[in-house]
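Me: I would like to go through the labels attached to this model and see what each one rests on. Please set each value against its cut-off.

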Amino acid sequence: MKKIDFSAQLDARRWLPLIAPLFAIFVCAVVYWPGLNGPMLFDDFPQLGQFFHQTAGSSLDLGQVLWSNSGPLGRPVSMLTFWVNSVLTPDDLAAWKLTNLFIHILCGLLAGLLAMELFSAAQGKRNMEPRYLGAFVGIVWLLHPLQVSTVLYTVQRMTQLAALFTFAGLYAYVRARRVPDATLQRTLWGLIAVCVATLLAALSKENGVLLPFLALAIEILLFRGRGTVAASRTIKYFFAALCLLTLSAITLLSILRPHLLIGNYASRGFTLVQRSLSEPRILFDYLSMLLFPVPGSMGFFHDDFVLSSSLLHPITTLLSLLGLIGLAISAWFMRKRFPLYTLGVTIFLIGQSMESSFIALEPMFEHRNYLPSFGVFLAITDLAAWLTMKRGQSLKIAVAGLVLLGLTTSLAVRVMHWSSDLTFFKAAVSAHPDSDAAIAGLAQVYLDTGKPELALQSLATHASFGARLQRAYIECRLNGKLPDTQLESLADQPMGHLNSYPVTGLTMLGALGIQNQCQFPDATYGRLIDRAAQLDTTSHGLRYMLYIYSGYYHQRLKQLGPAVAAMQAAHHMSADTPVPLILAARWYLEAGDPTQASSQLQQASDIDREYHAGFTDDITQLQDRIKAALSRPKPR
């Protein structure tokens with residue numbers, strides 16, 4: 001009778017690759033839980049606001065919300081999940097963030113499984129332990145504190161879903177290709193999985209289109225077209241067609257629709273050259289945060305980042321560029337002995353190639369590392385496995401445990417920062433004390449919680465145009481008036497390129513004047529808003545608001561011509577809303593010109609019908625007033 005070795009079966013190390021990920025998932029859920037009640041931020045409002053501002057008993061039609069304006073493909077897969085949240089858990093933002101956390105855990109599982117498959121595929125290169133190493137990569141990815149600004153930033157579910165489908169597609173592809181004698185049928189299933197996953201990933205967020213190129217990198221570095229003759233030929237044809245289609249698409253977009261490929265740099269406060277020169281520095285900042293994840297070194301806001309103006313200004317531009325070149329060269333020369341190091345570097349660079357290159361996006365956001373960070377952890381783990389090859393298993397487990405303990409501690413600290421508006425913005429200002437966005441947010445939190453003195457104190461040392469406008473707004477609310485000299489100094493201050501911070505300050509200050517909640521000279525404010533309306537802004541929406549308030553103040557000053565001209569300019573900035581033309585019609589009527597009022601209102605009515613803008617009642621009431629004015633006999 002064969003003797004059973006119970007001690008071997010009970011050896012905890014054999015179960016570690018299963019137990020450790022399950023425990024990590026539990027820890028992840030517990031640590032992230034306090035952050036589910038955190039704030040809504042930036043793009044949360046324009047993308048998700050429609051779900052949170054419904055009247056009682058109403059519901060959003062799926063067709064209305066399925067397509068987002070945040071990307072050329074509309075991101076319907078992501079928007080569908082938000083719509084489901086709005087149906088199941090309306091007005092419960094914590095439940096929306098809980099959905100993000102669930103997706104993050106699924107991504108972590110797939111990241112670990114993919115890493116296990118990759119280490120198994122590279123097994124012939126060295127004697128490795130793929131289950132241990134793969135589990136370690138997945139857990140590090142899951143618990144890394146840099147991921148917080150994706151998981152708890154609600155709208156970045158788009159990034160998460162793109163990563164989820166990318167991990168799934170790559171896992172299916174590696175599973176299909178890993179066997180040495182892969183058949184045509186098995187290879188086709190892998191390629192079909194890549195195609196389906198790419199479609200779902202791209203319709204979640206556009207950088208999902210990078211999935212096939214990640215699969216190509218895996219094929220070149222690990223499989224090299226192996227399998228049956230038919231399978232090898234199919235692989236070559238597939239990726240050759242992929243490269244040809246991509247090159248053709250880029251060429252056509254460059255010729256026919258260049259703004260879709262590059263974006264609109266005219267609405268940004270930087271140029272294509274500045275952004276391109278700055279990105280190598282930003283990539284090294286990302287690597288620093290991934291390798292040394294101290295909470296104070298990270299931060300949601302990066303508007304204080306100083307862009308590069310040339311290779312030598314600052315000198316770190318050239319050094320970072322040389323560093324990236326060196327990283328790529330090291331990956332090339334180490335591709336045979338350390339294929340997963342090379343693959344990890346390649347995944348990081350490909351993953352950053354869309355959002356961290358030439359497209360006219362804001363230069364820096366942490367959520368751009370959500371998928372690319374997998375490559376960093378894969379590369380580091382591959383090198384660490386080689387360095388510790390001759391070390392005992394217990395020592396390896398102990399070191400890995402210390403690394404994960406450190407990550408979990410840092411994660412817990414960062415999640416607590418994200419647990420409320422006040423802790424979030426305090427941490428943001430601490431990490432980036434020169435960030436206008438962080439300073440403005442903290443001041444607004446103090447103001448919203450009835451602490452205007454603290455709001456003014458937080459703004460006291462900041463001399464930017466936006467900060468000065470915010471101080472003026474708070475003082476207006478406190479005192480009910482603003483000295484003319486203070487407004488004059490604002491009107492004379494250089495403004496530069498306007499982002500949402502100064503424009504918001506200008507319009508909020510203007511609203512206090514229109515509502516007679518604060519007294520200040522209309523003429524001075526009119527000069528201030530007119531100057532701002534002539535400058536470049538970061539979006540058409542900001543310029544639209546400047547024109548609207550310019551029109552209001554010209555009308556208050558009884559300057560009908562400039563007031564109507566401002567409304568016409570606003571109409572050209574946003575032709576799908578009748579509001580500027582309704583206001584122009586109302587002002588013409590008040591000035592005793594019902595004929596011009598009727599002309600303006602007719603255009604507004606046409607727009608309202610075409611775009612279902614919802615201003616029918618306002619237009620009807622104004623039409624009745626115009627008809628009554630036209631029917632009155634003209635004075636002799």
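**Labels and their grounds**

Reply: Among contacts in the chain between residues at least 6 apart in sequence, 74% join residues at least 24 apart. The model is a predicted one. Its chain has 30 helices and zero strands, and the C-alpha trace spans about 120 × 55 × 55 Å along the principal axes.

Me: How many residues does the chain have, and what share counts as buried?

Reply: The chain has 636 residues, and 49% of them count as buried. The accessible surface comes to about 30100 Å², with 64% belonging to carbon and sulfur atoms.

Me: Why is M289 called buried?

Reply: The relative accessibility of M289 is 3%. Buried means under 20%, so M289 counts as buried.

Me: Where is M289 found, and which residues does M289 touch beyond four places in sequence?

Reply: M289 is in helix α14, residues 272-291. Leaving out residues up to four places away, M289 touches H144, L146, S297, M298, M364 and E366. As for A604, 315 residues from M289 along the chain, the two C-alpha atoms are 51 Å apart.

Me: What makes T166 buried?

Reply: T166 has a relative accessibility of 2%. The cut-off for buried is under 20%, so T166 qualifies. T166 is found in helix α9, residues 157-177, and touches A201, L211, L214 and L371, with residues up to four places away not counted.

Me: How many positive and negative charges does the chain have, and how far apart are their mean positions?

Reply: There are 49 positive and 41 negative charges, and their mean positions are 12 Å apart.

Me: Now the rings. How many aromatic pairs are there, and what makes F42 and F301 an edge-to-face pair?

Reply: The structure holds 23 aromatic pairs. For F42 and F301, the centres are 5.4 Å apart and the planes are at 65°.

Me: Which label does F42 get, buried, exposed or partly exposed, and which one does F301 get?

Reply: F42 has 40% relative accessibility, so F42 counts as partly exposed, the range for that label being between 20% and 50%. F301, at 4%, counts as buried.

Me: Why is the pair of F424 and F425 called edge-to-face?

Reply: The ring centres of F424 and F425 are 5.0 Å apart and the planes are at 90°, so the pair is edge-to-face. Both F424 and F425 are buried.

Me: Which residues form one aromatic cluster with F42 and F301?

Reply: The cluster is formed by F42, Y153, F300, F301, F365, W418, F424 and F425.

Me: How do you know that R335 lies over the face of W332?

Reply: R335 is at 3.8 Å from the ring centre of W332, and the cut-off for that distance is 6 Å.

Me: What is noted about the backbone of R75 and K558?

Reply: Neither is a glycine, yet phi is positive: about 50° for R75 and near 65° for K558. R75 lies in the loop between α4 (62-65) and α5 (76-88), and K558 is in the loop between α26 and α27 (560-573).

Me: Is each of them buried or exposed?

Reply: R75, at 10% relative accessibility, counts as buried. K558 stands at 74%; exposed means over 50%, so K558 counts as exposed.

Me: What kind of peptide bond joins H313 and P314?

Reply: A cis peptide bond joins them, with omega about -5°. P314 is in the loop between α14 and α15.

Key: Residues numbered from 1 in each chain as written. Predicted model: local features only at pLDDT ≥ 70, side-chain atom pairs only at ≥ 80, totals over all residues. Heavy atoms only, no water. Helix = DSSP H or I, 4+ residues; strand = E, 2+ residues; numbered from the N terminus. Buried < 20%, exposed > 50% of the residue type's maximum accessible area, 1.4 Å probe, protein only. Contact = heavy atoms within 4.5 Å. Phe/Tyr/Trp six-rings, centres within 6.5 Å; stacked < 30°, edge-to-face > 60°. Lys NZ or Arg CZ within 6 Å of the ring centre and 35° of its normal. Areas by Shrake-Rupley, 256 points an atom, 1.4 Å probe, with all protein chains shown as cover. Lys, Arg positive; Asp, Glu negative; His and termini not counted. Charge placed at Lys NZ, Arg CZ, Asp CG, Glu CD.
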